[in-house]
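This report describes one protein chain for a reader who has not seen it before. The sequence and the structure come first, and the description follows.

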Amino acid sequence: MRPPRRGSRERRADSNSQTRTRIAPSAARSLYTVPSLERHQQLVADGIPGLLSRDGFATAFSQKQQQLVDELNGVTQGTPFEGQDMKSLVIEFARDPMRAYAFNLASMAFNNHFFFRGINTNPDLVSTPPTDLLHQLQRDFASVDTLRETFIATASAMFGPGFVWLVQLKDTTQSGGLRILPTYLAGTPLSGAHYRRQSHDLSTHSAESHTELNNVGAFGSAAKQPNVQPPKKPLGGVDIVPLLCVSTWEHAWLRDYGVNGKDAYLRAWWSKIDWAQARQNGTFADPERTKFQY
């Protein structure tokens, strides 16, 4: 006897079950996700009052950050880099000229999150620099007003996308000093990312020919020696710590401010800086302890 035929509903159920089984492993491997910000659900619903509308926030953070982490998951899946924290990825990829695309994704994700993490999203709170940070700002820039105008002018003058950072020097000769640092595109301020040997024009070489040329870098024998740690910064470089930054990428401001609104966006951002977060990112001495004693 022929076995009874299964109904179409049963076949569809089996098919759907098989489909779900196939896609589950892919979904489970999404290691990098969009990080939550303080008051995140309110930001999704209302934007950042005084800076970005709901749609502006969705474009500049939610959608952009999602695109970056999705692509980053694609290039790190099944590699030794899978699951590493974002800062480590930036430094590791920056030292390898063959991983420029992965570096751009990781660095942009780090920078964009750092930018939004440094914004005061509480509409009922006016953020001002803590005393020790204020003392250092006045020491290095004469006044907060001078810093504001210099910072905004630097960001406004950038002909192209990038970030402008307030960084703290960590070298012993200038320890604690603050400086303004612009980085273009997905460039990073992280000191450890700038130690790389690249003495040849890589646009004229393939991965195979680059392997033959490089006898000291990621492909060479020196890199294969056990317990060899590269310096944290390049020779002649400066060790710095980022305190805050502003994005000059057009996706951050064009939707809400229009093609001529970059300066207005920068000034609106300045009024929304979370100075407590900037202070937390650095190390500052108590100004009362640094006064000259007679």
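## Surface and overall make-up

The protein exposes about 17200 Å², and carbon and sulfur atoms supply 51% of that area. The model is predicted. Of the 294 residues in the protein, 38% are buried.

Eleven helices and three strands form the secondary structure. Read from the N terminus, the order of the elements is α-α-α-α-α-α-α-β-β-α-β-α-α-α. Among contacts with a separation of 6 or more, 73% are between residues 24 or more positions apart.

Strand S1 covers residues 162–169, and eight of its eight residues are buried, so the strand is largely enclosed by the rest of the structure. In a regular strand, side chains alternate between the two faces of the sheet. Both faces of S1 are covered. On one side Gly-162, Val-164, Leu-166 and Gln-168 are buried, and on the other Phe-163, Trp-165, Val-167 and Leu-169 are buried.

S1 pairs with two strands. With strand S2 (residues 178–184) the pairing is antiparallel and runs over seven bridges; here Val-167 has Arg-179 as its bridge partner. With strand S3 (residues 240–247) the pairing is antiparallel over seven bridges. In S3, Gln-168 is bridged to Val-241, and Leu-166 stands opposite Leu-244. S3 is itself mostly covered, with seven of its eight residues buried.

## Aromatic pairs

How many aromatic pairs does the count come to? The count is 14 aromatic pairs. In one of them, the ring centres of Phe-114 and Trp-165 are 5.5 Å apart and the planes meet at 50°, so the pair is tilted. Phe-114 and Trp-165 are both buried.

Phe-151 and Trp-270 make another tilted pair, with 6.0 Å from centre to centre and 55° between the planes. It also links distant parts of the chain, with Phe-151 in helix H7 (residues 144–157) and Trp-270 in helix H10 (residues 262–270), 119 residues apart. Both Phe-151 and Trp-270 are buried.

Ring pairs also join Phe-57, Phe-61, Phe-115 and Phe-116 into a cluster. A charged residue meets a ring elsewhere: Lys-64 lies over the face of Trp-249, at 5.9 Å from the ring centre.

## Two buried loop residues

Gly-47 sits in the loop between helix H2 (40–46) and helix H3 (54–76). Is Gly-47 buried or exposed? Its relative accessible area is 2%, and buried means under 20%, so Gly-47 is buried. Gly-47 is ten residues from Phe-57 in sequence, and the two are 5.3 Å apart in space, C-alpha to C-alpha. Leaving out residues up to four places away in sequence, Gly-47 touches Gln-42, Leu-52, Ser-53, Arg-54 and Phe-57. Phe-57 is also one of the residues in the ring cluster.

Thr-188 is placed in the loop between S2 and helix H8 (207–213). With 5% relative accessibility, Thr-188 counts as buried. Its side chain reaches the backbone nitrogen of Leu-190 at 3.1 Å.

## Two residues with positive phi

Most residues other than glycine have a negative phi. Arg-39 is not a glycine, yet its phi is positive, at about 60°. Arg-39 is found in the loop between helix H1 (8–28) and H2. At 28% relative accessibility, it counts as partly exposed.

Ala-142 is another residue other than glycine with a positive phi, near 75°. Ala-142 lies in the loop between helix H6 (131–141) and H7. Why does Ala-142 count as exposed? The relative accessible area of Ala-142 is 62%, and exposed means over 50%, so Ala-142 is exposed.

Conventions:
Residues numbered from 1 in each chain as written. Predicted model: local features only at pLDDT ≥ 70, side-chain atom pairs only at ≥ 80, totals over all residues. Heavy atoms only, no water. Helix = DSSP H or I, 4+ residues; strand = E, 2+ residues; numbered from the N terminus. Buried < 20%, exposed > 50% of the residue type's maximum accessible area, 1.4 Å probe, protein only. Contact = heavy atoms within 4.5 Å. Areas by Shrake-Rupley, 256 points an atom, 1.4 Å probe, with all protein chains shown as cover. Pairing = 2+ DSSP bridges. Phe/Tyr/Trp six-rings, centres within 6.5 Å; stacked < 30°, edge-to-face > 60°. Lys NZ or Arg CZ within 6 Å of the ring centre and 35° of its normal. Polar contact = N/O pair within 3.5 Å; in protein donor to acceptor, adjacent residues only side chain to side chain.
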